[in-house]
Amino acid sequence: MAVGPIILSVVGDEFIQGARILVIIWEGATSSGDTITLVDRKEGRLLWSGRTDASQTYLGANFGGEGLHAPFGFKLTQISNGRLLVYLREG
């Protein structure tokens, strides 16, 4: 497995392996009201979404030791600006 985060920056970017997501960070220059959505690749189930309220975004979520289960991988279906960094649990 690669070292560091999985980086998603355009709609349609995806990670095709099953995984447990530990941390998600959305960063970059944005406008108030910009949105982002990450879904399960197979079922389209919402995994995480965000909306900005500022021009510089650093939003995210920490899913703890077990992580957020994404058995079929994940896909970026909406991103207004910036990029999404997805950190996976190893092993």
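Ser-32 counts as exposed, because its relative accessibility is 57%, over the 50% cut-off. In this predicted model, Ser-32 sits in the loop that joins strand 3 (19–29) to strand 4 (35–40).

Leaving out residues up to four places away in sequence, Ser-32 touches Thr-52, Asp-53 and Ala-54. Ser-80 is 48 residues from Ser-32 in sequence, and the two C-alpha atoms are 10 Å apart in space.

## Overall fold

The protein has 9 strands and 0 helices. From the N terminus on, its elements therefore read β-β-β-β-β-β-β-β-β. The radius of gyration is 12 Å, close to the 12 Å that the globule rule gives for 91 residues, so the protein is as compact as a globular protein of that length. The C-alpha trace spans about 35 × 25 × 20 Å along its principal axes.

## Surface and charge

Of the 91 residues, 36% count as buried. The protein exposes about 5,100 Å², and carbon and sulfur atoms supply 49% of that area.

There are 8 positive and 9 negative side chains. The centres of these two sets lie 6 Å apart.

## The aromatic pair

How many aromatic pairs does the structure hold? It holds 1 aromatic pair. The ring centres of Phe-15 and Phe-74 are 5.3 Å apart and the ring planes lie at 20°, so the pair is stacked; the cut-off for stacking is under 30 degrees. The pair links distant parts of the chain, since Phe-15 belongs to strand 2 (residues 14–15) and Phe-74 to strand 8 (residues 74–79), 59 residues apart.

Are the two partners buried or exposed? Phe-15 is buried, with a relative accessible area of 13%. Phe-74 is also buried, and its relative accessible area is 0%. Both values fall in the buried class because that class covers anything under 20%.

## Asp-13

Asp-13 lies in the loop between strand 1 (6–8) and strand 2. Its relative accessible area is 22%, so Asp-13 is partly exposed.

Which residues are in contact with Asp-13, leaving aside neighbours within four places in sequence? They are Ile-7, Leu-8, Phe-74, Lys-75 and Leu-76. Ser-31 is 18 residues from Asp-13 along the chain, and their C-alpha atoms are separated by 21 Å.

## Two glycines

Gly-4 is placed in the segment before strand 1. At 40% relative accessibility, Gly-4 counts as partly exposed. Gly-4 and Leu-85 are 81 residues apart in sequence, with 9.0 Å between their C-alpha atoms.

Gly-64 is found in the loop between strand 6 (56–62) and strand 7 (68–70). Gly-64 counts as partly exposed, with a relative accessibility of 33%. From Gly-64 to Thr-30 the C-alpha distance is 27 Å, and the two residues are 34 apart in sequence.

Notes
Residues numbered from 1 in each chain as written. Predicted model: local features only at pLDDT ≥ 70, side-chain atom pairs only at ≥ 80, totals over all residues. Heavy atoms only, no water. Helix = DSSP H or I, 4+ residues; strand = E, 2+ residues; numbered from the N terminus. Rg over C-alpha atoms; globule rule 2.2 N^0.38 Å. Buried < 20%, exposed > 50% of the residue type's maximum accessible area, 1.4 Å probe, protein only. Areas by Shrake-Rupley, 256 points an atom, 1.4 Å probe, with all protein chains shown as cover. Lys, Arg positive; Asp, Glu negative; His and termini not counted. Charge placed at Lys NZ, Arg CZ, Asp CG, Glu CD. Phe/Tyr/Trp six-rings, centres within 6.5 Å; stacked < 30°, edge-to-face > 60°. Contact = heavy atoms within 4.5 Å.
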